[in-house]
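Good morning, and thank you for coming.

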Amino acid sequence: MTDVTATVTLAREAAAWWAGREFTARRSALLCWKRHLAAHCDDLADVIRAETGKPHGDALLEVMLAVEHLDWAARNAERVLRRRRVRSGLLGADHGAALEYHPLGVIGAIGPWNYPVYTPLGTISYALAAGNAVVFKPSEHTPATGTWLAQAWSETVSGPPVLQVVTGAGETGAALCAAGVDKIAFTGSAATARLVMAACARTLTPLVVEGGGKDAMIVAADADLDAAAEAAAFGAFGNAGQTCAGVERIYVERPVQAAFLSRLAAIAEGLRPGDQDLSPYGRMTTPEQPEIVRRHVRDAVARGGRAVVGGEGSVLPPYVHPVVLTGVPEDAEAMTAETFGPTVVVNPVDDLDQAVRLANASRYGLAASIFSGDRRKALGLARRLRAGATSINSVLGFAAIPALPFGGSGDSGFGRVHGADGLREFSRAQSVAWRRFRAPLPVMTLDRDPAVLSRAVRLFKIRHAR
């Protein structure tokens, strides 16, 4: 507790200095850090690989995506957050008005282990660009990655410690929530998010949460089945299935379900996890995760589901080989709880309306994907999905587009990172109004003239009651 409190106190001093710098100065510092991350991406990828077990190429891709977001935040913060005039309206015509955004102060970022660079930088980059200092607690499974990022900042940006790291398990996160930060950004399970919310409630510390997902893919009868199967495999098995916005449930229109399933099964049967750089995916990062996968697969089969590829025997800790299930009841754990492993359920649906209904029948609402040869139809389906982000004819397409905000609803959390919404998430809006001239119809006064009020009411009805 003492170390965390001291770190936040130091961050408070750094935040005052950082907030006082012009947008251009902050942009220059962030771009300098960006160049360092890009130049040393292989070194950072090695650290990620050592802690998570993912292949070097996957770790590199994670760094590349994170750097794209860092670059966008640095270059767009001034455009999004600078002071701007707004219209005053009829009743406020005697006033000028402006909207300003100010830094919150110190942001506490609690990061996950599955994407230990990409995910926390969705907070860190945007919070720093908005003028805040950040205290980052990486997952206890990936402390070296978090330390590497903070060290890279200190090596490339002079001045007070605007970015600091505190390491440890849950007690460190609890200490950070109680240390007087101005906002907490948390990524992790919905169960842990509830504990973080309870801790933040004691001090009314605001919170942005990304609490995981049980994301669905919808495959229409007119979809390119080869492309859909390839994308489904990436979304379901990539990163050993440890992706909050990956693919865990697939609903396929019945006429093409068998054809799609055979294509996906063929891909899955050819995948062998391992610890080589060219392995399609690596080990499970935490020792607890294989048993969770095993339990979900066992329950799915016991409830009448069929294992098309793999099964309980696919769980060979620390690795889990691909599992493709079908015919799994909608109330089975494999359909309702976040599995976070290289497993996927492919169930048939009678039509796309049923697909949307089943996709939305989840306590999660993070991401989704749709495959269809008719983009207009797919866009219509996307609007009906209770998902914070949707990809059409791809999976995770939104993750590579920095201008798009990311976040969910329900057990997937609330608030947004990335994009303009992400910059505003770590800012305080301030409204400013100033009198320009005496009001022609002064009604906002205790010494109100009844005749003036009568004229104002007549104008009001002309404007709004006709």
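This is a predicted model: local features need pLDDT of at least 70, side-chain atom pairs count only at pLDDT 80 or more; totals for chains, interfaces and linings use all residues.

**A walk through the model**

Asp182 is partly exposed, because its relative accessible area is 24%. Here buried means under 20% relative accessible area, exposed means over 50%, and partly exposed lies in between, with a 1.4 Å probe and protein chains only.

Residues are numbered from 1 along each chain as its sequence is written, and side-chain values use heavy atoms, with hydrogens and water left out.

Let us return to Asp182. Which residue does Asp182 meet in a salt bridge? The partner is Arg12, at 2.4 Å from N to O. Arg12 belongs to helix α1 (residues 2-19) and Asp182 to the loop between α7 (170-177) and β6, so the pair ties together parts that are 170 residues apart in sequence. Helices (H or I, at least four residues) and strands (E, at least two) are DSSP runs, numbered from the N terminus. Arg12 is also partly exposed, because its relative accessibility is 34%.

In general, side chains of opposite charge can pair when their charged atoms come close. How many salt bridges does a search of the whole structure find? The search finds 20.

Another of these pairs is Asp94 and Arg435, whose side chains meet at 2.7 Å, N to O. Asp94 sits in the loop between β1 and β2 (95-103) and Arg435 in strand β20 (residues 427-435), so this pair ties together parts that are 341 residues apart in sequence. Is Asp94 buried or exposed? Asp94 counts as buried, because its relative accessibility is 7%, whereas Arg435, at 54%, counts as exposed.

I now turn to the sheet that contains β6. Six strands form an open sheet of mixed pairing, in the order β5-β4-β3-β6-β7-β19. Its edge strands are β5 (163-165) and β19 (413-414), each of which pairs on one side only. Two strands pair if DSSP finds at least two bridges between them. As a general point, strands of a sheet pair through backbone hydrogen bonds, either parallel or antiparallel.

Consider strand β6 (residues 183-187), where five of its five residues are buried. Lys183, Ala185 and Thr187 point one way, and Ile184 and Phe186 the other way. On one side, strand β3 (residues 106-110) runs parallel to β6 and is joined to it by four bridges, with Ile110 and Phe186 as bridge partners. Strand β7 also pairs with β6 in the parallel sense over four bridges, and there Ala185 stands opposite Val208. Strand β7 (residues 207-210) then pairs with β19 in the antiparallel sense over two bridges, where Glu210 stands opposite Gly413.

Elsewhere, strand β16 (residues 367-371) and β17 pair in the parallel sense over four bridges. Strand β17 (residues 389-392) has a covered face, made of Ala389 and Ser391, and an uncovered one, made of Thr390 and Ile392. Ser391 is the bridge partner of Ser369.

My last topic is backbone geometry. Most residues other than glycine have a negative phi, and most peptide bonds are trans. What joins Pro317 and Pro318? A cis peptide bond does, with omega about 10 degrees. Pro318 is in the loop between β11 (315-316) and β12 (319-320).

Asn393 has a positive phi, near 60 degrees, and lies in the loop between β17 and β18 (409-410). Asn393 counts as partly exposed because its relative accessibility is 40%. His418 likewise has a positive phi, of about 75 degrees, and is found in the loop between β19 and α15 (419-425). His418 counts as buried because its relative accessibility is 4%.

Thank you for your attention.

Definitions and conventions:
A salt bridge is a side-chain nitrogen of Lys or Arg within 4 Å of a carboxyl oxygen of Asp or Glu.
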